[in-house]
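Keep the 3D view open as you read.

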Amino acid sequence: MKKELPPFEYPIDPNHYCICGVDEAGRGPLMGNVVAACVILDRNNPIEGLNDSKKLSEKKRDLLEPVIKEKALAYGIGICTPQEIDSLNILNASLEAMKRAYLNMNRNCHLMLVDGNKTPKDLPIKMEAVVKGDARVAEIAAASILAKVERDRQMYELDRKYPEYEFAKHKGYPTARHLELLKTLPILDFYRKSYSPIKKILMSSSDHTVL
């Protein structure tokens with residue numbers, strides 16, 4: 001039987017203070033940007049159906065994204081590129097993308113709630129990490145949806161440019177089909193060279209060019 005998540009208790013009153021939530025999408029894929037979003041919700045204009053983006057269908061996420069953008073008091077998107085991921089490592093790149101999402105929001109807040117167990121560095125704001133926050137905190141759930149939809153949008157754009165890689169199907173994740181395709185296709189420049197499957201491919205064959 002699955003353990004129920006404890007309800008989240010805001011450390012400050014969300015009706016009187018500005019609270020934002022941040023989350024990222026794209027830590028696991030072999031390629032593409034890691035994308036983060038930061039959202040301030042309007043307590044007087046609630047959004048129905050917010051949940052951890054992974055628990056929502058793609059159709060539901062796509063429907064919620066414009067609603068969140070319309071009803072939120074503010075939101076921001078931040079990315080880190082594959083090259084930055086290779087340089088910083090994926091954890092630090094994810095935190096940096098979160099920091100950029102907050103800064104791109106152009107709005108100061110009293111508190112940032114961050115999904116997971118780590119918080120970004122060098123931001124002039126009180127921060128609190130919330131484990132499983134995307135399922136417990138509405139602001140983080142909204143951020144998780146914006147981040148996921150934005151990253152998927154980037155995958156569809158790449159799919160139109162490179163249809164032979166089938167990015168629209170696997171979204172860059174290391175599925176059996178994706179790894180099978182990479183046995184014969186070049187490693188494009190937006191693959192993460194520090195990720196083990198890509199590193200192995202590049203080390204094992206001089207035939208594998210990087211485009």
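In which sense do strand β4 and β5 pair, and over how many bridges? Keep in mind, as you look, that this is a predicted model. Strand β4 covers residues 111-115, and its pairing with β5 is parallel, over five bridges. To find your place within this pair, look for Val114, which stands opposite Ala129 in β5.

Now step back to see the sheet that these strands belong to. It is an open sheet of five strands, and reading across it gives the order β3-β2-β1-β4-β5, with mixed pairing. Which strands stand at the edges? They are β3, residues 74-80, and β5, residues 126-130. Each has a single partner strand, so one side of each is left without a neighbour in the sheet. As you move from one strand to the next, the twist averages 20 degrees.

Helices come next. Helix α3, made of residues 90-105, packs on the sheet and touches β1 (19-25), β2 (34-40), β3 and β4. The direction of α3 makes about 145 degrees with that of β3. Helix α5, residues 138-161, lies across β1, β2, β3, β4 and β5. Relative to β1, helix α5 runs at about 35 degrees.

Which residues lie nearest its centre? Of the 23 residues that line the largest pocket, those nearest the centre are Asp23, Glu24, Arg27, Lys54 and Asp115.

The largest share comes from α3, which gives four residues. By residue type, the lining of the largest pocket divides into 10 charged, seven polar and six nonpolar residues.

Finally, let's compare the pocket with a database record. What does UniProt list for "binding site"? An unreviewed UniProt entry lists Asp23, Glu24 and Asp115 under that heading. These residues are spread over 93 residues of sequence, yet they cluster in space, with a largest C-alpha distance of 8.2 Å. The lining of the largest pocket takes in Asp23, Glu24 and Asp115 from this set. To trace one of them back to the sheet, pick out Glu24, whose place is in strand β1.

How values were computed
Residues numbered from 1 in each chain as written. Predicted model: local features only at pLDDT ≥ 70, side-chain atom pairs only at ≥ 80, totals over all residues. Heavy atoms only, no water. Pairing = 2+ DSSP bridges. Helix = DSSP H or I, 4+ residues; strand = E, 2+ residues; numbered from the N terminus. Axes fitted to C-alpha atoms, helices over the stretch in contact; angles between N-to-C directions. Contact = heavy atoms within 4.5 Å. 1 Å grid on protein atoms, 1.4 Å probe; cavity = no way out; pocket = protein on both sides within 12 Å on 5 of 7 lines; lining within 4 Å. Nonpolar A, V, L, I, M, F, W, Y, C, P; charged D, E, K, R; others polar. UniProt positions renumbered as here; feature names shortened; annotations may be inferred.
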